[in-house]
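Visitor: Could you walk me through how to read a few features here? I'd like the general idea, then the case at hand.

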Amino acid sequence: MNWLQSWEPYIAIALLTGLINLPISIKKLLNKCQSLPFFKPLSTIAFWWWILVNLALPATVFWLLYSIPTKPTVNADLVTKAITFGLIFTAFANARVDTGFFGVDIEKFYKYLTQFTYDRIAASQTRETAAFWTDFEADLNQNQPDISEGLNYLENYFQNDVSLDEIAKQDYQKRLDRVRQMTVKSEQTKAIRTLIAIRRRDLPEVLKRFRCSTAFLNKYLSKLSKQ
């Protein structure tokens, strides 16, 4: 116990590097998984693995790079170094770092660990996701509802999304205009599918706006509402 207490300040400072990097990493993961309607991060083991990797990897590199095993003085300078390292970890993740003991190819190691996360998420989500979007396209093609309300909703959605910059908003507007001009129903439906890059909790509202059939909504709405 005394041994652990003697290392607690150093462990906390090292983990600070990962805590700075963590919000950006989580946002990157969630953006990549945005098209997975049934993805529940907090109940997915791979998500917690992702958090562990993004906490432990920068902390470990910092630990070795700044010779923490020698127990340097815990002061403001050491904390500042940890914060600085955390802020520039993305740069370190794309380079080979000499820790003083050995060279570490952070880029390859980081990609390997994060790819493990994506592989596990894909294994649990791909089949159900593919079925959902296949059924969505089939539903619009077979029932041929009036999609104008859905497109208008998406237009307002993207224009009012403060997380998007003006370039992204203009890109979505151009894509919406192209969809409105399409005359082949199947092509229009596929284009609509790619446009629904929205937050999972907002997906039920979009499905209703596109006037999906009662059968389709009964099949999926309850699952989506649990997100």
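Guide: Happy to. Keep in mind that this is a predicted model. Let's start with charges: side chains of opposite charge can pair when their charged atoms come close. Here, Glu149 and Arg209 make a salt bridge, with 3.1 Å between the closest N and O atoms. Glu149 sits in helix α6 (residues 148-159) and Arg209 in helix α9 (residues 203-209), so this pair ties together parts 60 residues apart in sequence.

Visitor: Are Glu149 and Arg209 buried, exposed or partly exposed?

Guide: Glu149 is partly exposed at 27% relative accessible area, and Arg209 is partly exposed too, at 29%.

Visitor: Which residues are linked with Glu149 and Arg209 in a network of salt bridges?

Guide: Glu205 and Arg211; together with Glu149 and Arg209 they form the network.

Visitor: What else does helix α6 pair with?

Guide: Look at Glu155, whose side chain meets that of Arg180 in a salt bridge (3.1 Å, N to O). Glu155 lies in α6 and Arg180 in helix α7 (residues 166-181), so parts 25 residues apart in sequence are tied together. Glue of that kind also turns up between Lys223 and Glu128, a salt bridge at 3.5 Å, N to O. Lys223 belongs to helix α10 (residues 214-225) and Glu128 to helix α5 (residues 106-143), so that pair ties together parts 95 residues apart in sequence. Lys223 is partly exposed at 36% relative accessibility, and Glu128 at 32%.

Visitor: How many salt bridges does the count come to?

Guide: Eleven.

Visitor: Now helices. How do I read which side of one faces inward?

Guide: An α-helix has 3.6 residues a turn, so residues three or four places apart point the same way. Take helix α3 (residues 76-87): it has twelve residues and reaches 16 Å from first C-alpha to last, close to the 16 Å expected. Its buried residues are Leu78, Ala82, Phe85 and Gly86. They cover an arc of only 100° around the axis, which puts them on the same side of α3.

Visitor: Which exposed residues does the face turned away from the buried side carry?

Guide: Ala76 and Leu87. Leu87 has a relative accessible area of 60%, so it counts as exposed.

Terms used: Residues are numbered from 1 along each chain as its sequence is written. This is a predicted model: local features need pLDDT of at least 70, side-chain atom pairs count only at pLDDT 80 or more; totals for chains, interfaces and linings use all residues. Side-chain values use heavy atoms; hydrogens and water are left out. Helices (H or I, at least four residues) and strands (E, at least two) are DSSP runs, numbered from the N terminus. The expected span of a helix is 1.5 Å times one less than its number of residues. Buried means under 20% relative accessible area, exposed over 50%, partly exposed in between (1.4 Å probe, protein chains only). The arc is that of the directions from the helix axis to the C-beta atoms. A salt bridge is a side-chain nitrogen of Lys or Arg within 4 Å of a carboxyl oxygen of Asp or Glu.
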